[in-house]
Structure formats: C-alpha cells, structure tokens
Amino acid sequence: MNHPSGPRGARHAKIALDVDGEHRTLEVDTRTTLLDALREHLDVTAPKKGCDHGQCGSCTVLLDGRRATTCLTFAVAHDGARITTARGLADGDELHAMQQAFVEQDGLQCGYCTTGQICSAVGMLDEFWAQHPSNVTEDLTAPPELTDDEIRERMSGNLCRCGAYTNILAAIRQAAEA
Ligand code: FES
Ligand code: FES
C-alpha cells in the first residue's frame, strides 16, 4: 500500500482485495468506504447502498468470514481482505442453501435488502454455531437455542422496507435445518 498525495492534499492508496474468489486491485482515495470501492470502483453491485449510515444492513458482506456493513468502514483498512458477497456464496450455478431457502420461502419482495440479508444470515448462523450469545440469550452458561427470538435479535441490523420479515425468518430456519 502507498500513499501518494493527490490534488488538494487528497491521499490515495493502492490496495488489493479478494472479491468472491477473484483477485482485484484498485487505487482509492483513502476516504473511500469499502461499499463505494466495491460498487463504484470494482462494479461489484451485490452489496446495496441503503442508508449509508450503518443502520439498514443492505451493504452487508462477509469480510474475512465475518459479516460487516461495508458503508461503515474504509476500503484502505482492508488491504488484502477476503470478501464474499451474496453473489459469491453460490457455487457456479448451484445456489448456497441460504439463497435456495430465500427463493423457496419467498423471502423477498423488491429484493433490495436481500443480498445483505443473505450474507448476514450466513454470518449469523456461523456465529450461532460457534455459540456466541446474543442480547436475548437467557442462559449464558449453556449453548443457545435457535428460537425465533434469537434469529430476530441476531438479524435486527438488517431492515427490509418491504416487510418480508416473516418469510426471511422461515428461510433462515430452513437453511439452518438443511
Ligand atoms: S447502507 Fe450500510 S448499513 Fe445501510
Ligand atoms: S425485499 Fe424489498 S427491501 Fe427487503
């Protein structure tokens, strides 16, 4: 990574990202968010810009395996990172179990929030299976149970303007049981 000064003191950096299994390099203004780097510099449009304030979750990807809101972090902070978007979850033409479940359970209406919901759901289940507690886990000394309240709490950072929550819940439950 280097930091040449640009016009009016702007600073730029060359970084590399692994995006959905592809090695990508780019040069960004150091103030560029990871979301803008993906969408505007690399044409990776699976993560969506909803609020741009970390409140809706539509920009969620898996960042080195953990879910992250890409509008809240600078690209330059993630030189060398591995990013998986909802597109990269599929194995060729074969959908990931979570993608298949969203289709089968009709977990989307307009689809705007869906890529973030799916990435968040995959990351959320990994956290759950690693026995991370949530705010609604009552017994912190025992493995948590995947109740509807647990799923709702763990997915509460992902908003859906269409209100497809009931079917999103059903989709996550289906994928968890697959
Ligand atoms: S666009 Fe990132 S959380 Fe809303
Ligand atoms: S399906 Fe439209 S915003 Fe969620």
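A: Let us begin with one pair: the side chains of Glu127 and Arg67 meet in a salt bridge, with 2.9 Å from N to O. The term salt bridge is used here for a side-chain nitrogen of Lys or Arg within 4 Å of a carboxyl oxygen of Asp or Glu. Side chains of opposite charge can pair when their charged atoms come close.

Q: What should I know about the model and its numbering before going on?
A: This is a predicted model, in which local features need pLDDT of at least 70 and side-chain atom pairs count only at pLDDT 80 or more, while totals for chains, interfaces and linings use all residues. Residues are numbered from 1 along each chain as its sequence is written, chains are lettered from A and ligands numbered from 1 in the order in which they are written, and side-chain values use heavy atoms, with hydrogens and water left out.

Q: How many salt bridges does the rule give?
A: The count comes to nine salt bridges. One of them joins Arg87 and Asp20, whose closest N and O atoms are 4.0 Å apart. Arg87 lies in helix α2 (residues 86–89) and Asp20 in the loop between β1 (12–19) and β2 (22–29), so this pair ties together parts that are 67 residues apart in sequence. Such helices (H or I, at least four residues) and strands (E, at least two) are DSSP runs, numbered from the N terminus.

Q: Where do Arg152 and Asp149 lie?
A: Both lie in helix α5 (residues 148–154), three residues apart, which is about one turn of the helix, and their side chains meet in a salt bridge of 3.5 Å, N to O. Arg152 counts as partly exposed, at 48% relative accessibility.

Q: What is a nonpolar core, and how many residues does the largest one have?
A: A nonpolar core is a set of buried Ala, Val, Leu, Ile, Met, Phe, Trp, Tyr and Cys residues joined through side-chain atoms within 4.5 Å. The largest has 25 residues, and those with the most contacts inside it are Met98, Phe102, Leu125, Ile151 and Ile172. Helices α2, α3 (97–104), α4 (114–129) and α6 (165–177) each supply at least two residues of this core, and its largest share, seven residues, comes from α4. A second, separate core has 18 residues, including Ala13, Val28, Leu38 and Val61.

Q: How is the chain divided into domains, and how much area do they bury between them?
A: By an automatic or database domain assignment, the chain is divided into domain 1 (13–84) and domain 2 (97–177), whose C-alpha centres lie 22 Å apart. Buried area is the accessible area (1.4 Å probe) that two parts lose on being put together, summed over both. Here domain 1 and domain 2 bury about 1,200 Å² between them, 48% of it on carbon and sulfur atoms. Across this interface the rule finds one salt bridge.

Note on methods. Buried < 20%, exposed > 50% of the residue type's maximum accessible area, 1.4 Å probe, protein only.
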